[in-house]
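Please walk through this structure with an eye to how its parts pack against one another. The explanation starts from a single side chain and then widens to the chain and its helices.

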Amino acid sequence: MIFGRSERGKPPVEPVTLKILVAGGFGVGKTTLVGAVSEIRPLRTEELLTEAGRPVDDISGVEGKHTTTVAMDFGRITLRENLVLYLFGTPGQERFWFMWDELSEGALGAVVLADTRRLEDCFAAVDYFERRSIPFVVGVNCFEGAARYPAEAVRQALDLDDGVPLLLCDARDRESVKEVLIGLVRHAMAHSAERRRAAVG
């Protein structure tokens, strides 16, 4: 049973809907991640990269990339019959960061996607969510041909707090992405419970 439909004799279950952001640097795999896991055809706002954008869009390390997200990606995944996630992929380039405040409104948390070949590209996203106390996990997108590093080494390079989960993933693989999203939901729920306890205490 999903979205109000029910088995005969059972009352309909209204699903809990949660908003999750997918952030990170340019060309890190955000659009791919949303597309891999979405049960609907993802809404994409991609445009072709142009010569005019070359001075501001650093494509070193992702030379094969020909399009870029200019507003957001949107997808949906039902984790359980009563739990639906709405995924919003943020644009990676600095000139579109003004949209992040709008997209983060009401979000449960975020996945910061990282590429070990361009790790510095996700610093801004990590900093953004830390400063706003929005729960996030880091998903290290394991690109083919990229050097593999132990999770602890990546954690140190990003200077992450111990409480921030760091997960290795393949943004093309549905099951891999689902594990990252489940990890984020668990982390965000624990974060919320901790804040409630602190407020009571």
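Is Phe 74 buried or exposed? With a relative accessible area of 18%, Phe 74 is buried, where buried means under 20% relative accessible area, exposed means over 50% and partly exposed lies in between, for a 1.4 Å probe and protein chains only. The model is a predicted one, in which local features need pLDDT of at least 70 and side-chain atom pairs count only at pLDDT 80 or more, while totals for chains, interfaces and linings use all residues. Residues are numbered from 1 along each chain as its sequence is written, and side-chain values use heavy atoms, with hydrogens and water left out.

The chain holds five helices and seven strands, which are DSSP runs numbered from the N terminus, helices being H or I with at least four residues and strands E with at least two. Read from the N terminus on, the elements run β-α-β-β-β-α-β-α-β-α-β-α. Of the 201 residues in the chain, 45% are buried. Among contacts with a separation of 6 or more, 72% come from residues 24 or more positions apart, a contact meaning heavy atoms within 4.5 Å.

A search of the whole structure finds six aromatic pairs; rings of Phe, Tyr and Trp (its six-membered ring) pair if their centres lie within 6.5 Å, and planes under 30 degrees apart count as stacked, over 60 as edge-to-face and the rest as tilted. One of these pairs is that of Phe 74 and Tyr 86, which is stacked, with 5.8 Å centre to centre and 15° between the planes. It joins Phe 74 in strand S3 (residues 67-80) to Tyr 86 in strand S4 (residues 83-89), 12 residues apart. Tyr 86 is partly exposed, at a relative accessible area of 25%. The rings of Phe 129 and Phe 136 have their centres 6.2 Å apart and their planes at 35°, so this pair is tilted. Phe 129 is buried at 1% relative accessibility, and Phe 136 is buried at 4%. Together with Trp 100 and Tyr 128, Phe 129 and Phe 136 form one aromatic cluster.

Helix H4 (residues 151-158) has Val 154, Arg 155 and Leu 158 buried. Seen down the axis of H4, the buried residues fall within an arc of 105°, so they line one face of the helix; the arc is that of the directions from the helix axis to the C-beta atoms. They pack against helix H3 (123-131), strand S6 (136-141) and strand S7 (166-169).

Most residues other than glycine have a negative phi. Just after H4, however, Asp 159 takes a positive phi of about 55°; Asp 159 lies in the loop between H4 and S7 and is exposed, with a relative accessible area of 63%. Ser 133, which is not a glycine, also has a positive phi of about 55°; Ser 133 is placed in the loop between H3 and S6 and is partly exposed at 41% relative accessibility.

The last stop is a helix pair. The axes of helix H1 (residues 30-37) and helix H5 (residues 174-200) come within 9 Å and cross at roughly 100°, the axes being lines fitted to C-alpha atoms, for helices over the stretch in contact, with angles from 0 to 180 degrees between N-to-C directions. That makes H1 roughly perpendicular to H5, a term for angles of 65 to 115 degrees. In this contact, Leu 33, Ala 36 and Val 37 of H1 meet Arg 174, Val 177, Lys 178 and Leu 181 of H5.

Technical notes. Parallel < 35°, antiparallel > 145°, perpendicular 65-115°, else oblique.
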